[in-house]
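This briefing is meant for a reader who is opening the structure for the first time. Please keep the sequence and the 3D view side by side while reading the points that follow.

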Amino acid sequence: MDLEKFFDTVNHDKLMTLIGRTIKDGDVISIIRKFLVSGIMVDDEYKESVIGTPQGGDLSPLLANIMLNGLDEEMEERGLNFVRYADDCIIMVQSEMSARRVMRNLPKFIEEKLGLKVNMTKSKVDRPGGLKYLGFGFYYDSRAHQFKAKPHAKSVVKFKVRMKQLTCGSWGVSNGYKVQKLNELVRGWINYFKIGSMKTLCKEMDSRIRYRLRMCIWKHWKNPQNRAKNLMKLDVPRWAAFKIAYCGDQYARPAHNGWLQKAISNKRLTSFGLVSMLDYYTERCFFC
(Lines give C-alpha, C1' and ligand atoms only; values in the text may rest on other atoms or scores of the structure.)
Protein backbone atom coordinates (compact mmCIF):
# COMPACT_ATOMS: atom_id res chain seq x y z
CA MET A 1 0.00 0.00 0.00
CA ASP A 2 1.29 3.43 -1.00
CA LEU A 3 0.02 6.81 0.14
CA GLU A 4 -0.48 9.33 -2.64
CA LYS A 5 1.96 12.27 -2.47
CA PHE A 6 2.21 11.72 1.27
CA PHE A 7 4.84 14.34 2.13
CA ASP A 8 2.98 16.90 -0.01
CA THR A 9 -0.46 16.32 1.51
CA VAL A 10 0.09 16.14 5.30
CA ASN A 11 -2.44 18.41 7.01
CA HIS A 12 -0.55 20.78 9.32
CA ASP A 13 -3.39 21.23 11.81
CA LYS A 14 -3.95 17.48 12.22
CA LEU A 15 -0.24 16.88 12.60
CA MET A 16 0.16 19.64 15.20
CA THR A 17 -2.83 18.26 17.11
CA LEU A 18 -1.15 14.85 17.28
CA ILE A 19 2.13 16.41 18.39
CA GLY A 20 0.36 18.54 21.00
CA ARG A 21 -1.07 15.44 22.68
CA THR A 22 2.45 14.39 23.71
CA ILE A 23 4.61 17.52 23.66
CA LYS A 24 3.62 20.27 26.08
CA ASP A 25 6.60 22.57 25.48
CA GLY A 26 5.29 25.56 23.54
CA ASP A 27 8.72 26.49 22.18
CA VAL A 28 9.19 23.05 20.61
CA ILE A 29 5.71 23.14 19.06
CA SER A 30 6.43 26.63 17.71
CA ILE A 31 9.68 25.48 16.07
CA ILE A 32 7.93 22.52 14.41
CA ARG A 33 5.17 24.81 13.10
CA LYS A 34 7.80 27.20 11.69
CA PHE A 35 9.53 24.26 10.01
CA LEU A 36 6.28 23.21 8.36
CA VAL A 37 5.43 26.69 7.02
CA SER A 38 8.99 27.69 6.10
CA GLY A 39 8.10 27.56 2.40
CA ILE A 40 9.76 26.02 -0.65
CA MET A 41 11.72 27.26 -3.67
CA VAL A 42 10.23 26.40 -7.08
CA ASP A 43 12.19 27.62 -10.12
CA ASP A 44 13.99 30.20 -7.97
CA GLU A 45 10.68 31.51 -6.65
CA TYR A 46 9.55 31.32 -3.01
CA LYS A 47 6.17 29.66 -2.39
CA GLU A 48 4.37 29.29 0.92
CA SER A 49 3.84 25.76 2.23
CA VAL A 50 0.33 25.60 3.64
CA ILE A 51 0.22 21.80 3.47
CA GLY A 52 2.75 18.96 3.53
CA THR A 53 6.21 18.52 5.04
CA PRO A 54 9.47 19.44 3.28
CA GLN A 55 10.80 16.37 1.44
CA GLY A 56 14.42 15.77 2.36
CA GLY A 57 14.08 17.74 5.59
CA ASP A 58 15.73 16.16 8.62
CA LEU A 59 12.52 16.37 10.62
CA SER A 60 10.16 15.06 7.91
CA PRO A 61 10.67 11.29 8.50
CA LEU A 62 9.96 11.75 12.22
CA LEU A 63 6.85 13.83 11.51
CA ALA A 64 5.72 11.17 9.02
CA ASN A 65 5.94 8.49 11.72
CA ILE A 66 3.99 10.69 14.14
CA MET A 67 1.30 11.24 11.52
CA LEU A 68 1.08 7.54 10.64
CA ASN A 69 1.32 6.21 14.20
CA GLY A 70 -2.47 6.12 14.26
CA LEU A 71 -2.41 3.87 11.19
CA ASP A 72 0.02 1.51 12.92
CA GLU A 73 -2.23 1.34 15.99
CA GLU A 74 -5.29 0.68 13.81
CA MET A 75 -3.56 -2.20 12.00
CA GLU A 76 -2.39 -3.65 15.31
CA GLU A 77 -5.96 -3.51 16.67
CA ARG A 78 -7.14 -5.40 13.59
CA GLY A 79 -4.48 -8.07 14.21
CA LEU A 80 -2.66 -7.41 10.94
CA ASN A 81 0.97 -8.26 10.35
CA PHE A 82 2.63 -5.33 8.58
CA VAL A 83 5.89 -3.58 7.78
CA ARG A 84 5.87 0.17 7.21
CA TYR A 85 8.66 2.50 6.14
CA ALA A 86 7.47 6.13 5.92
CA ASP A 87 4.49 6.05 3.52
CA ASP A 88 5.22 2.59 2.03
CA CYS A 89 3.59 -0.37 3.73
CA ILE A 90 3.22 -4.12 3.26
CA ILE A 91 0.32 -5.83 5.01
CA MET A 92 0.50 -9.63 5.22
CA VAL A 93 -2.60 -11.82 5.42
CA GLN A 94 -3.27 -15.49 4.75
CA SER A 95 -5.71 -15.33 1.85
CA GLU A 96 -6.61 -13.21 -1.16
CA MET A 97 -10.09 -12.68 0.28
CA SER A 98 -8.63 -11.20 3.47
CA ALA A 99 -6.27 -9.02 1.43
CA ARG A 100 -9.11 -7.57 -0.65
CA ARG A 101 -11.15 -6.92 2.50
CA VAL A 102 -8.24 -4.96 3.99
CA MET A 103 -7.80 -3.09 0.71
CA ARG A 104 -11.45 -2.02 0.86
CA ASN A 105 -11.59 -1.01 4.52
CA LEU A 106 -8.20 0.46 5.42
CA PRO A 107 -8.18 3.30 2.84
CA LYS A 108 -11.44 4.57 4.36
CA PHE A 109 -9.77 4.87 7.76
CA ILE A 110 -6.73 6.61 6.23
CA GLU A 111 -8.86 9.15 4.35
CA GLU A 112 -11.40 9.84 7.11
CA LYS A 113 -9.16 9.80 10.20
CA LEU A 114 -5.80 10.96 8.84
CA GLY A 115 -6.89 13.12 5.91
CA LEU A 116 -4.57 11.24 3.55
CA LYS A 117 -5.26 9.38 0.32
CA VAL A 118 -4.16 5.91 -0.77
CA ASN A 119 -2.59 5.72 -4.21
CA MET A 120 -4.69 2.92 -5.68
CA THR A 121 -2.57 2.67 -8.85
CA LYS A 122 0.54 1.77 -6.82
CA SER A 123 -1.33 -0.27 -4.19
CA LYS A 124 -2.22 -3.85 -5.04
CA VAL A 125 -3.04 -7.31 -3.74
CA ASP A 126 -0.34 -9.78 -4.70
CA ARG A 127 1.72 -12.75 -3.59
CA PRO A 128 5.17 -12.03 -2.13
CA GLY A 129 6.90 -13.07 -5.35
CA GLY A 130 5.21 -10.23 -7.23
CA LEU A 131 6.17 -7.46 -4.80
CA LYS A 132 8.93 -4.86 -4.89
CA TYR A 133 9.50 -3.14 -1.54
CA LEU A 134 12.31 -0.69 -0.79
CA GLY A 135 14.36 -2.22 -3.61
CA PHE A 136 13.79 -5.81 -2.42
CA GLY A 137 12.03 -8.68 -4.13
CA PHE A 138 10.93 -11.96 -2.55
CA TYR A 139 11.23 -15.63 -3.48
CA TYR A 140 10.09 -18.91 -1.94
CA ASP A 141 12.88 -21.05 -0.49
CA SER A 142 11.58 -24.62 -0.85
CA ARG A 143 14.23 -26.00 1.51
CA ALA A 144 13.43 -23.54 4.30
CA HIS A 145 9.68 -23.56 3.44
CA GLN A 146 9.44 -19.79 3.68
CA PHE A 147 9.73 -16.61 1.64
CA LYS A 148 13.05 -14.79 1.70
CA ALA A 149 14.23 -11.40 0.52
CA LYS A 150 16.63 -10.66 -2.32
CA PRO A 151 17.55 -7.59 -4.38
CA HIS A 152 14.75 -6.92 -6.86
CA ALA A 153 15.53 -7.34 -10.56
CA LYS A 154 15.11 -3.57 -11.11
CA SER A 155 17.63 -2.87 -8.34
CA VAL A 156 20.09 -5.26 -9.98
CA VAL A 157 19.64 -3.50 -13.33
CA LYS A 158 20.39 -0.12 -11.70
CA PHE A 159 23.52 -1.58 -10.12
CA LYS A 160 24.72 -2.95 -13.47
CA VAL A 161 24.13 0.40 -15.18
CA ARG A 162 26.10 2.24 -12.51
CA MET A 163 28.89 -0.36 -12.62
CA LYS A 164 29.20 0.09 -16.40
CA GLN A 165 29.39 3.85 -15.97
CA LEU A 166 32.26 3.46 -13.49
CA THR A 167 34.15 1.09 -15.82
CA CYS A 168 33.60 3.05 -19.02
CA GLY A 169 36.74 3.06 -21.13
CA SER A 170 36.14 6.63 -22.30
CA TRP A 171 35.98 7.99 -18.73
CA GLY A 172 39.19 9.97 -18.46
CA VAL A 173 40.26 9.02 -14.94
CA SER A 174 42.87 6.60 -13.62
CA ASN A 175 42.04 2.93 -13.11
CA GLY A 176 42.88 3.40 -9.43
CA TYR A 177 40.11 5.99 -9.15
CA LYS A 178 37.70 3.66 -10.94
CA VAL A 179 38.50 0.92 -8.43
CA GLN A 180 37.91 3.37 -5.58
CA LYS A 181 34.46 4.33 -6.92
CA LEU A 182 33.62 0.68 -7.61
CA ASN A 183 34.49 -0.22 -4.01
CA GLU A 184 32.20 2.55 -2.76
CA LEU A 185 29.39 1.21 -4.96
CA VAL A 186 29.93 -2.40 -3.84
CA ARG A 187 30.15 -1.60 -0.12
CA GLY A 188 27.11 0.66 -0.18
CA TRP A 189 25.02 -1.84 -2.18
CA ILE A 190 25.99 -4.82 -0.01
CA ASN A 191 25.41 -2.92 3.24
CA TYR A 192 21.88 -2.06 2.07
CA PHE A 193 20.92 -5.47 0.65
CA LYS A 194 22.88 -7.69 3.10
CA ILE A 195 19.68 -9.06 4.67
CA GLY A 196 18.81 -10.59 1.29
CA SER A 197 20.05 -13.79 -0.35
CA MET A 198 22.45 -13.06 -3.23
CA LYS A 199 25.55 -15.26 -3.18
CA THR A 200 25.03 -16.31 -6.80
CA LEU A 201 24.43 -12.72 -7.85
CA CYS A 202 27.63 -11.59 -6.09
CA LYS A 203 29.66 -14.24 -7.93
CA GLU A 204 28.19 -13.13 -11.25
CA MET A 205 28.82 -9.43 -10.56
CA ASP A 206 32.39 -10.10 -9.38
CA SER A 207 33.06 -11.76 -12.72
CA ARG A 208 31.53 -8.85 -14.66
CA ILE A 209 33.41 -6.19 -12.71
CA ARG A 210 36.76 -7.94 -13.20
CA TYR A 211 36.05 -8.38 -16.90
CA ARG A 212 35.21 -4.68 -17.27
CA LEU A 213 38.35 -3.67 -15.36
CA ARG A 214 40.52 -5.85 -17.61
CA MET A 215 39.08 -3.99 -20.58
CA CYS A 216 39.91 -0.66 -18.90
CA ILE A 217 43.49 -1.76 -18.19
CA TRP A 218 43.89 -3.09 -21.74
CA LYS A 219 42.74 0.22 -23.18
CA HIS A 220 44.98 2.14 -20.76
CA TRP A 221 48.01 0.28 -22.18
CA LYS A 222 47.11 2.04 -25.48
CA ASN A 223 49.38 0.52 -28.19
CA PRO A 224 50.48 -3.01 -29.14
CA GLN A 225 54.11 -2.50 -28.14
CA ASN A 226 53.17 -1.33 -24.65
CA ARG A 227 50.59 -4.11 -24.28
CA ALA A 228 53.08 -6.80 -25.24
CA LYS A 229 55.70 -5.38 -22.88
CA ASN A 230 53.25 -5.26 -19.94
CA LEU A 231 52.00 -8.78 -20.62
CA MET A 232 55.55 -10.14 -20.59
CA LYS A 233 56.18 -8.31 -17.31
CA LEU A 234 53.21 -10.27 -15.94
CA ASP A 235 54.76 -13.62 -16.92
CA VAL A 236 52.94 -14.13 -20.23
CA PRO A 237 55.16 -15.94 -22.80
CA ARG A 238 56.56 -13.69 -25.54
CA TRP A 239 54.72 -15.44 -28.37
CA ALA A 240 51.38 -15.22 -26.55
CA ALA A 241 51.97 -11.60 -25.52
CA PHE A 242 52.60 -10.49 -29.12
CA LYS A 243 49.71 -12.56 -30.47
CA ILE A 244 47.27 -10.90 -28.05
CA ALA A 245 48.76 -7.41 -28.31
CA TYR A 246 48.54 -7.33 -32.12
CA CYS A 247 44.99 -8.65 -32.37
CA GLY A 248 43.67 -5.27 -33.49
CA ASP A 249 41.96 -2.36 -31.79
CA GLN A 250 39.66 -4.49 -29.64
CA TYR A 251 38.91 -4.43 -25.92
CA ALA A 252 36.20 -6.97 -25.17
CA ARG A 253 37.80 -9.95 -26.91
CA PRO A 254 41.25 -9.68 -25.23
CA ALA A 255 39.55 -9.33 -21.83
CA HIS A 256 38.16 -12.86 -22.35
CA ASN A 257 41.58 -14.24 -23.32
CA GLY A 258 42.96 -16.81 -20.88
CA TRP A 259 46.46 -15.34 -20.94
CA LEU A 260 45.19 -11.86 -20.10
CA GLN A 261 43.03 -13.28 -17.31
CA LYS A 262 46.10 -15.07 -15.98
CA ALA A 263 48.20 -11.88 -16.23
CA ILE A 264 45.55 -9.65 -14.65
CA SER A 265 44.31 -12.33 -12.26
CA ASN A 266 41.68 -11.98 -9.58
CA LYS A 267 44.50 -12.01 -7.02
CA ARG A 268 46.27 -9.12 -8.79
CA LEU A 269 43.05 -7.10 -8.95
CA THR A 270 42.54 -7.71 -5.22
CA SER A 271 46.09 -6.53 -4.50
CA PHE A 272 45.27 -3.47 -6.63
CA GLY A 273 42.54 -2.70 -4.09
CA LEU A 274 39.39 -4.12 -5.70
CA VAL A 275 36.82 -5.36 -3.18
CA SER A 276 35.14 -8.68 -3.98
CA MET A 277 31.35 -8.49 -3.73
CA LEU A 278 31.13 -12.12 -2.60
CA ASP A 279 33.79 -11.76 0.10
CA TYR A 280 32.30 -8.52 1.41
CA TYR A 281 28.78 -9.98 1.37
CA THR A 282 29.96 -13.12 3.21
CA GLU A 283 31.63 -10.91 5.80
CA ARG A 284 28.61 -8.62 6.29
CA CYS A 285 25.74 -11.03 5.70
CA PHE A 286 23.61 -12.09 8.68
CA PHE A 287 22.49 -15.43 7.25
CA CYS A 288 25.51 -16.80 5.35
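Trp189 and Phe193 are four residues apart in helix H7 (residues 175-193), which means that about one helical turn separates them. The model is a predicted one, and in it the rings of Trp189 and Phe193 form a tilted aromatic pair, 4.6 Å centre to centre with 45 degrees between the planes. The points below begin with these rings and then turn to helices, hairpins, loops and domains.

**Aromatic rings**

- Trp189 counts as buried, because its relative accessibility of 10% falls under 20%, and Phe193 is likewise buried, at 5% relative accessibility.
- Trp189 and Phe193 also belong to one aromatic cluster, whose other members are Phe136, Phe159 and Tyr192.
- A pair of aromatic rings is described by the distance of the centres and the angle of the planes.
- With ring centres required to lie within 6.5 Å, the count of aromatic pairs comes to ten.
- One of these pairs is formed by Trp171 and Tyr177, whose centres are 5.7 Å apart and whose planes stand at 65 degrees, an edge-to-face arrangement.
- Trp171 is partly exposed, with a relative accessible area of 29%, and Tyr177 is also partly exposed, at 33% relative accessibility.

**Helices and their contacts**

- Two packed helices are described by the angle between their axes and the distance between the axes.
- Helix H2 (residues 12-20) and helix H4 (residues 60-77) have axes that come within 10 Å and cross at roughly 85 degrees, and H2 and H4 are therefore roughly perpendicular to each other.
- Asn175 is found in helix H7 and counts as buried, at 10% relative accessibility.
- Which residues does Asn175 contact, leaving aside its neighbours within four places in sequence? The contacts of Asn175 are with Cys216, Ile217, His220 and Phe272.
- Thr270 lies in helix H13 (residues 266-271), and its relative accessibility of 47% makes Thr270 partly exposed.
- Although Thr270 and Arg210 are 60 residues apart in sequence, their C-alpha atoms are 9.9 Å apart in space.

**Strands and hairpins**

- Strand S3 (residues 81-85) and strand S4 (residues 88-92) run antiparallel and are joined by five bridges.
- Within this pairing, Phe82 stands opposite Ile91 in S4.
- S3 and S4 form a hairpin with two residues between them, and Ala86 in the turn has a positive phi of about 55 degrees.
- S5 pairs with strand S6 (residues 146-151) over six bridges, in the antiparallel sense.
- Phe136 has Pro151 as its bridge partner in S6, and Phe136 is also one of the residues of the aromatic cluster that includes Trp189 and Phe193.
- The hairpin of S5 and S6 has four residues between the strands, and His145 in this hairpin takes a positive phi near 55 degrees.

**Positive phi values in loops**

- Most residues other than glycine have a negative phi, and most peptide bonds are trans.
- Leu134, a residue other than glycine, has a positive phi, near 55 degrees.
- Where is the place of Leu134? Leu134 is in the loop between helix H5 (96-113) and strand S5 (136-141), and its relative accessibility of 32% makes Leu134 partly exposed.
- Lys222 also has a positive phi, of about 70 degrees, although Lys222 is not a glycine.
- Lys222 is found in the loop between helix H8 (199-220) and helix H9 (224-233).
- Is Lys222 buried or exposed? Lys222 counts as exposed, because its relative accessibility of 65% is over 50%.

**Domains**

- The domain assignment of the protein gives domain 1 as 2-125 and domain 2 as 153-284.
- The C-alpha centres of domain 1 and domain 2 lie 45 Å apart.

Note on methods. Residues numbered from 1 in each chain as written. Predicted model: local features only at pLDDT ≥ 70, side-chain atom pairs only at ≥ 80, totals over all residues. Heavy atoms only, no water. Phe/Tyr/Trp six-rings, centres within 6.5 Å; stacked < 30°, edge-to-face > 60°. Buried < 20%, exposed > 50% of the residue type's maximum accessible area, 1.4 Å probe, protein only. Pairing = 2+ DSSP bridges. Domains from an automatic or database assignment. Axes fitted to C-alpha atoms, helices over the stretch in contact; angles between N-to-C directions. Parallel < 35°, antiparallel > 145°, perpendicular 65-115°, else oblique. Contact = heavy atoms within 4.5 Å.
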